[in-house]
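Please keep the sequence and the structure in view while reading.

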Amino acid sequence: MLDITVLEQHMRVLMGLLPDQTSPEAAAYMLFGSSDIAADPWSGEPRHRLVSHQVIEIPAADMLSSSGLHVTWSTRSFMRMLGDAAIRGKIPAIFHTHPGSHAFFSDQDDANERELARTAHQKGARGLVSIVLGGDGSVCGRIWHGPDTYTIAHAVQIVSGRYHRHQSHLAENIVHHHLDRQRRLFGQVFNDNLSSLRVCIVGCGGTGSPVAVLLARLGVGHIFLVDKDVIDETNLNRVHGARRDDIGRPKVEVLKREIELMGVGSQVEVAQDWINAPRIRDALKASDFVFGCTDDNTGRILINRLAHFYGIPVIDVGLRMIAAAHQHGHDLNGRVTTLIPGRPCLICGGVVNATRAQEEELERNQPDEFQRRKAEAYVVGAGDPAPAVVTFTTEMASVAVNEMIAAVTGFHGADGMIPTRVRRWHVRDDRFLNVKAREGCPVCQSEDSRGAGDVSPFLDMAG
């Protein structure tokens, strides 16, 4: 299976080449990062995903002719683009428009691209990607493996605060009667899109468990659950689906059981492991959305980078609840932050504590050393468990899932997902934070990481 992701900031540049349907065909070059998935966790099959890394405009001097039916240009800049792709370890791509029609590959496209693919193959490229944008907003894509073979993209997705999915072929129009009420609000396309989505949930506790249940009831077709922990007695007040006789069972197994007992058709796969375990990478890279439902700083650092390297929208959930004391009243806060390339990251928003992340790694990998340093006051360590009440954790899970719905449907407006919402129960209001990116941030302000795809080490994270 092949999927292609085009980041919204790159699509804006490309759309600028198509002012209206009466314009002549236009073209540009692109570089794509590559995401090689050895085994998709839901199908077990290899999968290839591409994510746009850079748009390269064709110099005006190289454009030879264009009309509503064709566009031709000199191959001088094409050769330079192939050289850039080789140096930067990216896959070269060509983009062109069909202003007066829908997106499709014409016989002329086949003939022209075959020769370009031959040249790319001779130059050692890992393939040549081709994207077509139709005047009606449709998009299609493929990758040439050589001059004689290509693979059509199963889906081309445009990622920003809105999420647009263009599929080369839809499954048979199956109407699930249990989803009829939401179809009446958002239409059958909404249900079809959700059934094709792959969603990973990192953390299956007070927020992750209701997120998982809500996604299944919405009709999300493929769900992956990641959590290292098992159910203990303190989880019974907020982990959805947990029962007293589940104490000692992995949280992911309990949730998988509960979702499958619903009989709503979601395929659930699980991993009882830390999020940074190498065996989790394929699941993360294969996901269309990732929900961060963990207080683990190490995990947040990883999914923060994942959003920018792979163009996968991340919806991160957090709560900070402080009990009333003599000096102050209750301080009850919930937060949902959405991460996409082009928006400030969790580091810029002050959500991630890098020092605490290092302590968490030490506690997992060298517990004796962690305890020694904790005794000597060199680390803060894990103190008393944070307060948690099921109504608050479940409410923020609903807020988070609604952000994904906003991305798919646009019910929030053209910008889709809200960057950061803070719900303050103790003062009965919501705040919408306008976080600014820190100048020179190595994650969200780096052109090298945006849409980079696979790099070594993974996500350019040492250690």
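Against which elements do the buried residues of α5 pack? They pack against β11 (163–167), α4 (180–186), β12 (198–202), α6 (208–218), β13 (222–226) and α12, where contact means heavy atoms within 4.5 Å.

## Basis of the model

This is a predicted model, in which local features need pLDDT of at least 70 and side-chain atom pairs count only at pLDDT 80 or more, while totals for chains, interfaces and linings use all residues. Residues are numbered from 1 along each chain as its sequence is written, and side-chain values use heavy atoms, with hydrogens and water left out.

## Overall make-up

The protein has 12 helices and 19 strands; these are DSSP runs numbered from the N terminus (helices H or I, at least four residues; strands E, at least two). Of its 463 residues, 54% count as buried, that is, under 20% relative accessible area with a 1.4 Å probe, protein chains only. Among contacts between residues at least 6 apart in sequence, 68% join residues at least 24 apart.

## Helix α5 and its contact with α12

The buried residues of α5 (residues 188–196) are Q188, F190, N191, N193, L194 and S196.

Two packed helices are described by the angle between their axes and the distance between the axes. For α5 and α12 (residues 390–409), the angle is about 120° and the axes are 11 Å apart. Axes here are lines fitted to C-alpha atoms over the stretch in contact, and angles run from 0 to 180 degrees between N-to-C directions. On the α5 side, F190, N193 and L194 make the contact, and on the α12 side M404, I405, V408 and T409. These residues divide into 5 nonpolar, 2 polar and no charged; Ala, Val, Leu, Ile, Met, Phe, Trp, Tyr, Cys and Pro count as nonpolar, Asp, Glu, Lys and Arg as charged, and the others, Gly among them, as polar.

Strand β6 (residues 91–98) is largely enclosed by the rest of the structure, because 8 of its 8 residues are buried. In a regular strand the side chains alternate between the two faces of the sheet. In β6, I91, A93, F95 and T97 lie on one side and P92, I94, H96 and H98 on the other, and both faces are covered.

β6 pairs with β2 (residues 27–37) in the antiparallel sense over 6 bridges; pairing requires at least two DSSP bridges between two strands. A27 has H96 of β6 as its bridge partner. β6 and β7 (residues 128–134) run parallel and are joined by 6 bridges, and the partner of T97 in β7 is L133.

Conventions. Buried < 20%, exposed > 50% of the residue type's maximum accessible area, 1.4 Å probe, protein only.
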